[in-house]
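The tour below goes from selection to selection.

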Amino acid sequence: MEGSIGPLAGSGQEEHCPACSRPLWPGDPLTGLADRTEFRTRLERALSYAGASFSEEGGGSSEMAAMLIDLDRFKAVNDSLGHAAGDALLRHVARRLRATLRPGDIAARMGGDEFAVLLHGLAGENAAASVAGRLVDLLGRPYMVEGRIANIGASVGIAMVLPGLGADAVLRRADLALYKSKEGGRRRYHFFEPALQEAAEERQRLEFDLRAALALGEFELFYQPQFHLAENRLYGFEALIRWRHPGRGLVPPDRFIPVAEELGLITSIGEWVLHQACAEAVRWEGELSVAVNVAPAQLAAGTLVAAVRKALDTTGLAGPRLELEITESALLADDGSTIEQLTALKALGVKVSLDDFGTGYSSLTQLRRFAFDKVKIDRSFADDTAVVRTVAALGASLGIRITAEGVETAAQMRRVHQEGCTEAQGYLLSRPVPAGEVPGLIDRFRDGHSWKEGRP
């Protein structure tokens, strides 16, 4: 890793004007590193030098790399030990960065807990990977902060500096690589590759289309039957959203729901689902119920009770025919308002279920905090007899209905029935179907169809 990049070489210390001795760069006052402005200026100079070197020599004799570094779990340390400790931790990180880099390399604090590094004189990507590996290791070692041990980690995104690229493009590439690094499990590094850019562009198109989908009426609901085992009868349906895009076709929920949550669209989409499900269920024969999934963001917004009341009043659906399914994650972050909202919903006659039971961190605690009407065992436990038996016994002791999800075979259905589950849903009974097919499905179940006979 020998070499110099001419105008960028130096001690890495703050430069001063020879005439007035004032700093040429403002720098980051907390860590003593360069700040975002200085780093960008240095990067632009590096790109200019790389372009000139490439033109004069017919190819650069050494390579440069820009790295973005994000600290993992810094927020947890900052929240638990306080901001003063957080600032001290950032200074420790800065010292370790300076100890790892050579004179002439640039280290900067970009803001918050994000840092950047510009390396020069590299013998290709392997040299950059070696530095990144050392950074991940060194920054991930324990810190002593105000008499307490703090454990954090570092994720690194790397973009090789190439002639013809602007500073924005290099930083964008490093940022995409950083996102991939964090997505892959954190405490690692990742190089930019063209596929990341393609994925980012596709993500932007998806975001643009998703913002317009609700206004254009591209969402629709599918319904999956829910079956009462002891009484051998259909008792309701779960409403499941689908996005029918004119160009993409039917987009699955696991593709667009996370994006909707990140964009802050999930509350408005959830309110549409709630109203649409109630409007369609009120037309079903009998007293069949409809179950609607509630996102944690809907509870956090504090508008769920009003939205439910409006949907019931507008459509005329009776409260007891509506069932809201919430996940444990919504309760784990509860500040007290969630339980208040659920209690208010119960006062409207609405039933409340705990979905995906067993996949969270404190399931038993949640059952003690609120009187759920039903618990749904996650589909991943459909073949785990011990789990099904334990949850079913718990439900029986608490007077809570237990639904087994993801039942696909008659053998699974017999097993969950024998172990005490009161209800079931899954492909054995039916795949989710469009609203227009629900009446026919109701007729087939009413005509004596049994789960023992397989799908309708």
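In which helix is the place of Ala279? Select Ala279: its place is in helix H8, residues 266–281. Helices (H or I, at least four residues) and strands (E, at least two) are DSSP runs, numbered from the N terminus. This is a predicted model, in which local features need pLDDT of at least 70 and side-chain atom pairs count only at pLDDT 80 or more, while totals for chains, interfaces and linings use all residues. Residues are numbered from 1 along each chain as its sequence is written, and side-chain values use heavy atoms, with hydrogens and water left out.

**Whole chain**

Colour by secondary structure: the chain has 16 helices and 17 strands. Of its 456 residues, 49% count as buried; buried means under 20% relative accessible area, exposed over 50%, and partly exposed in between, with a 1.4 Å probe and protein chains only. Among contacts (heavy atoms within 4.5 Å) between residues at least 6 apart in sequence, 69% join residues at least 24 apart.

Draw a distance from its C-alpha atom to that of Leu317, 38 residues apart along the chain: the separation is 7.4 Å.

Now show H8 together with helix H10, residues 304–315. Two packed helices are described by the angle between their axes and the distance between the axes. Here the axes come within 9 Å and cross at roughly 30°. Axes are lines fitted to C-alpha atoms, for helices over the stretch in contact, and angles run from 0 to 180 degrees between N-to-C directions. H8 and H10 are therefore roughly parallel to each other; angles under 35 degrees count as roughly parallel, over 145 as roughly antiparallel, 65 to 115 as roughly perpendicular and the rest as oblique.

For the contact itself, display side chains: Glu271, Leu274, His275, Cys278 and Ala279 in H8 meet residues of H10, among them Ala307, Val308 and Ala311. Cys278 is buried, with a relative accessible area of 0%. Another cysteine to select is Cys421, buried at 3%. The structure holds zero disulfides, a disulfide being a pair of cysteine sulfur atoms within 2.5 Å.

**The five-stranded sheet**

Next select the strands of the open sheet, whose order is S2-S3-S1-S6-S7 and whose pairing is mixed. Two strands pair if DSSP finds at least two bridges between them. Strand S2 (106–111) and strand S7 (189–191) stand at the edges, each with a single partner strand, so one side of each has no neighbour in the sheet. Neighbouring strands of this sheet are turned by 20° against each other on average, direction ignored.

Gly157 has His190 as its bridge partner in S7.

Select Arg73, in the loop between S1 and helix H2 (74–81). Most residues other than glycine have a negative phi, and most peptide bonds are trans. Arg73 has a positive phi of about 70° although it is not a glycine.

Continue to H2 and helix H3 (residues 83–100), whose axes come within 6 Å and cross at roughly 140°. That makes H2 oblique to H3. In the contact, Phe74, Val77, Asn78 and Leu81 of H2 meet H3 residues including His83, Ala85 and Gly86.

Move to strand S13 (residues 351–357): five of its seven residues are buried, so S13 is largely enclosed by the rest of the structure. Five bridges join strand S12 (residues 322–327) to S13, in parallel, and Thr327 stands opposite Asp355. S13 is also joined to strand S14 (residues 374–377) by three bridges, again parallel. The bridge partner of Phe357 in S14 is Ile377.

**Last stop**

Finish at Pro439 in helix H16, residues 438–446. Pro439 counts as partly exposed, at 44% relative accessibility. The C-alpha atoms of Pro439 and Trp284, 155 residues apart along the chain, are separated by 7.0 Å.
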